[in-house]
Amino acid sequence: MAASGEPKKKSELRVFESLDELATDLAEYIAQLSEISVKERGCFTIALSGGSLISLMGKLCEAPYNKTVDWTKWYVFWADERAVAKNHVDSNYKQTKDGFLSKVSILNSHVYSINDNVTVEDAAGEYEFAIRQMVKIRIIGVSEINDCPKFDLILLSMGPDGHVASLFPQHPALEQKEEWVTYITNSPKPPPERITFTLPVINSASNVALVATGEDKAMAVHLAIADATDGLDASSSPARMIQPTDGKLVWFIDKPAASVLDAGNSDSPRVE
Ligand SMILES: O=C(O)[C@H](O)[C@@H](O)[C@H](O)[C@H](O)COP(=O)(O)O
């Protein structure tokens, strides 16, 4: 059973006893957002990332969702991607195709993967251009605050160092305010070359889900969520910088990832 708090400041923390319960709730959450977006806007724009996220989304490929979700209305993007060939084991696209896209009826023409035939810089530029075209025709919504794309849902998983997408602690990419998509060539976690959504894009989404599982994430979860983090330099916790301006953030974490919060080492969390 999830310990789920009432939304406060448009953020919510859901803590699960098991990965199975987390996966069940995550599938229902995504399916509900898809239904709402299709009803309100006629389509559903979702940006994915790597890590265990894709396998945690697995229940979407099963009954009832495989039949009830309106897959033809989905448009799939990536919040970050490694600059490797699409058939490389490190490719987020490959992981998503093998574990998700090949199992549901999303149209190939609605899948916006990153060009793996050009430099990482050009791939980032092309990806931003593609997103701009989709904003122009309003498949992707637009933020009234800053003209950024407003994805219906951006799904992120957090690393043990608090990184989200390919935004790593202390990295200058965290400061990028102008571009929607940027690239890095020195990722502390291999592979070194990656493209990533910038913070303004992530924070402009209608919904952001942040998934963190396992004990190795416990301190990063604490730093990202706790109200009081004495002397914490903001850029040491990219996950803490995820604060949708006009959208809603939901954390999906398991007990081990919540263990530092549970231990009472944090003051009241910034989210409930
Ligand atoms: O880009 C990457 O190198 C990974 O995808 C990374 O961002 C991953 O998502 C987190 O480290 C969480 O990993 P898990 O979800 O596997 O715990």
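Predicted model: local features only at pLDDT ≥ 70, side-chain atom pairs only at ≥ 80, totals over all residues.
The model scores ipTM 0.96 and pTM 0.94, and the chain averages a pLDDT of 93. Its secondary structure comes to 8 helices and 12 strands. The radius of gyration is 17 Å, close to the 19 Å that the globule rule gives for 272 residues, so the chain is as compact as a globular protein of that length.

**Confidence**

- Of the residues in the chain, 92% score a pLDDT of at least 70.
- Residues 3-8 have a pLDDT below 50; beyond near neighbours in sequence, this stretch makes 10 contacts in the model.

**Overall fold**

- The C-alpha trace spans about 50 × 40 × 40 Å along its principal axes.
- Buried residues account for 43% of the 272 residues in the chain.
- When contacts between residues at least 6 apart in sequence are considered, 75% of them join residues at least 24 apart.

**Helix H1**

- Helix H1 covers residues 19-41, a total of 23 residues.
- From its first C-alpha to its last, H1 reaches 32 Å, close to the 33 Å expected at 1.5 Å a residue.
- The buried residues of H1 are Leu22, Ala23, Leu26, Ala27, Ile30, Ser34 and Ser37.
- Glycine 42 follows H1 and has a positive phi, near 85°.

**Cis peptide bonds**

- Alanine 63 and proline 64 are joined by a cis peptide bond, with omega about 0°.
- Proline 64 belongs to the loop between helix H2 (53-56) and helix H3 (65-68).
- A cis peptide bond also joins proline 190 and proline 191, where omega is about -5°.
- Proline 191 is placed in the loop between strand S9 (181-184) and strand S10 (194-197).

- Arginine 138, a residue other than glycine, has a positive phi near 60°.
- The loop that holds arginine 138 runs between helix H5 (120-136) and strand S6 (141-142).
- Arginine 138 has 11 other C-beta atoms within 10 Å; the limit for an exposed residue is 12 or fewer, so arginine 138 is exposed.
- Aspartate 147, likewise a residue other than glycine, has a positive phi near 65°.
- Aspartate 147 sits in the loop between S6 and strand S7 (149-150).
- With 12 other C-beta atoms within 10 Å, aspartate 147 is also exposed.

**Phenylalanine 168**

- Phenylalanine 168 lies in the loop between strand S8 (153-157) and S9.
- A residue counts as buried with 20 or more other C-beta atoms within 10 Å; phenylalanine 168 has 23 and is therefore buried.
- Leaving aside neighbours within four places in sequence, phenylalanine 168 is in contact with Asp161, His163, Ser187, Pro188 and Pro238.
- Serine 187 is 19 residues from phenylalanine 168 along the chain, and the C-alpha atoms of the two are separated by 7.5 Å.

Methods
Residues numbered from 1 in each chain as written. pLDDT = per-residue confidence, 0-100. Contact = placed C-beta atoms within 7 Å. Helix = DSSP H or I, 4+ residues; strand = E, 2+ residues; numbered from the N terminus. Rg over C-alpha atoms; globule rule 2.2 N^0.38 Å. Expected span 1.5 Å × (residues − 1).
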